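The sequence and the structure come first, and the description follows.

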Amino acid sequence: MKYIKAFFIKLVMMTAILWFFLGVFFGISLTDILITSIGLTMVSFIIGDLLILPKLGNMIATIADMGVAFFGIWLLGSLLFEESVPLGTVSFFLAIAITIGEFVFHGYMKNMILEGLSSREKTTTDLYAEK
């Protein structure tokens, strides 16, 4: 259950950042922002927070999440956003903003979610187990 809570915290963070930049400055629809934030959250939660963070630490996981954010926004943006959005520039600045949020979120993950797990448990994290 705590993984689901962490996922939704990350989803809210991601949606807020994307809405602030894309919705306010570029007029991207909330539907497109939600699709993008759900996609980014799912991929970065699995790769950055569950696979990389427990094994390699906050810095490497943050860098990985920055790459996921950059390429994910660019890819999803090319499919969803209007052509008037400069995707390369927007993806870069959003990736930086998301990276700052991810650095803080990883502290939460390490202290509240992954704390007390053995090395074996960290490599075989069960999303549905409660501790």
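## Helices and core

From the N terminus on, the elements of this predicted protein chain run α-α-α-α-α. The secondary structure comes to 5 helices and 0 strands, where helices (H or I, at least four residues) and strands (E, at least two) are DSSP runs numbered from the N terminus. The model is predicted, so local features need pLDDT of at least 70 and side-chain atom pairs count only at pLDDT 80 or more, while totals for chains, interfaces and linings use all residues. Residues are numbered from 1 along each chain as its sequence is written, and side-chain values use heavy atoms, with hydrogens and water left out.

Of the 131 residues, 44% count as buried (under 20% relative accessible area with a 1.4 Å probe, protein chains only). The largest nonpolar core has 32 residues, among which L18, L22, F45, L94, I98 and M109 touch the most other members. Such a core is a set of buried Ala, Val, Leu, Ile, Met, Phe, Trp, Tyr and Cys residues joined through side-chain atoms within 4.5 Å.

Leaving aside neighbours within four places in sequence, M109 is in contact (heavy atoms within 4.5 Å) with residues including A6, F45 and L53.

In helix 3, the buried residues include N58, D65, F70 and G77. The buried residues of helix 3 pack against helix 1, helix 2 and helix 4.

Methods. Buried means under 20% relative accessible area, exposed over 50%, partly exposed in between (1.4 Å probe, protein chains only).
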